[in-house]
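Analyst: Please put your questions about the structure shown below.

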Amino acid sequence: MKRGHLRRIVERCNALAPDMVAITGDLTDGRVTELEGEVAPLADLSSRYGTFCVTGNHEYYSEAEAWVVALRRLGLRVLVNEFECLEHDGSVLAVAGITDLTGGYYVAAHRSDPVAAAKGIPEGATRLLLAHQPNSAPEAAEAGFDLQLSGHTHGGQMWPWSLLARRANRFLAGLGKQGRMWVYTSRGTGYWGPPMRFGASSEITRIRLTCGPEAG
């Protein structure tokens, strides 16, 4: 995608008037010097508590550490196996993020670690995890997260890739569950390879968190 199309996506996100924006990786596939201008519209994302994001596998194909720095310059809060707490209407939401499952193969300090990301989260806080790959779910559930937001799969993007994507990923698209933890896997807003989709439309996902019965 180019800058103009990304700007239209940013405008549609802002129209939702979100409390926060979550980006679950694969923002870039190339060097900062080549693409920094193309992703500049991300700086215009607007929400009450800001934009949080994590690295995906494609950031590691180029220069993930440089992209973390570049995205932070745009005002994005890139979470590298860590969390931040948001207070909203008397409730606390811990927004955590882990590096991609493959991150440790490229950058030793970027080994994906849900336990480290959860360390220090206050008792009673709702635990939200941004994890690029839905296959992070088993470890994330063990670390005590309540909800994992993922991407990576593109929902299969188009047949017959969708058959392979379904076999390779724990969740392909939409809402699922890993133990007591909910998992939402986005089909993403763009594409990889051929600029097309078939049977797996792109999405901008609005998620509203509410109190469940057990929370009273």
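User: How many of the five residues of strand S9 are buried?

Analyst: Strand S9 covers residues 181–185; strands (E, at least two residues) and helices (H or I, at least four) are DSSP runs numbered from the N terminus. The model is a predicted one, in which local features need pLDDT of at least 70, side-chain atom pairs count only at pLDDT 80 or more, and totals for chains, interfaces and linings use all residues. Residues are numbered from 1 along each chain as its sequence is written, and side-chain values use heavy atoms, leaving out hydrogens and water. With buried meaning under 20% relative accessible area, exposed over 50% and partly exposed in between (1.4 Å probe, protein chains only), S9 is largely enclosed by the rest of the structure, because its buried residues number four.

User: Which residue of S9 is the bridge partner of Lys177?

Analyst: Strand S8 (residues 174–178) and S9 pair in the antiparallel sense over five bridges, where pairing requires that DSSP find at least two bridges between two strands. The two strands form a hairpin with two residues between them, and Gly179 in the turn has a positive phi of about 65 degrees. Within this arrangement, the partner of Lys177 in S9 is Trp182.

User: In S9, which residue stands opposite Leu149?

Analyst: S9 is also joined to S7, through four bridges, and these two strands run parallel. In this pairing, the residue of S9 opposite Leu149 is Tyr184.

User: In S7, which residue is the bridge partner of Leu129?

Analyst: Strand S7 (residues 147–150) pairs with S6 in the parallel sense over three bridges. S6, helix H6 (residues 137–142) and S7 make a right-handed β-α-β unit; right-handed means that, with the strands pointing away from the viewer, the path from the first strand over the helix to the second runs clockwise. The partner of Leu129 in S7 is Gln148.

User: Which residue stands opposite Leu129 of S6 on the side of strand S5?

Analyst: Strand S6 (residues 126–130) is mostly covered, with four of its five residues buried. S5 (residues 91–97) and S6 pair in the parallel sense over five bridges. The residue opposite Leu129 is Ala96.

User: Which strands stand at the edges of the open sheet of three strands?

Analyst: The strands of this sheet follow the order S1-S2-S3, and the pairing is parallel. Three bridges join S1 to S2, and the partner of Ala22 in S2 is Phe52. Each edge strand has a single partner strand, so one side of each is left without a neighbour in the sheet; these strands are S1 and S3.

User: How far apart in sequence are the parts tied together by the salt bridge of Asp19 and Arg48?

Analyst: A salt bridge is a side-chain nitrogen of Lys or Arg within 4 Å of a carboxyl oxygen of Asp or Glu, and in this pair the closest N and O atoms are 3.3 Å apart. Asp19 lies in the loop between helix H1 and strand S1, and Arg48 in the loop between helix H2 and strand S2, so the pair ties together parts that are separated in sequence by 29 residues.

User: What is the distance between the closest N and O atoms of Glu84 and Arg77?

Analyst: Glu84 is partly exposed, with a relative accessible area of 26%, and Arg77 is partly exposed at 27%. The two residues form a salt bridge, and the closest N and O atoms are separated by 2.6 Å.

User: How many disulfides does the structure hold?

Analyst: A disulfide is a pair of cysteine sulfur atoms within 2.5 Å. Cys13 is buried, with a relative accessible area of 15%, and Cys53 is buried at 0%. The number of disulfides is zero.

User: Is Pro114 buried or exposed?

Analyst: Pro114 is placed in helix H5 (residues 114–118). Its C-alpha atom is separated by 9.8 Å from that of Leu130, which is 16 residues apart along the chain. At 4% relative accessibility, Pro114 counts as buried.
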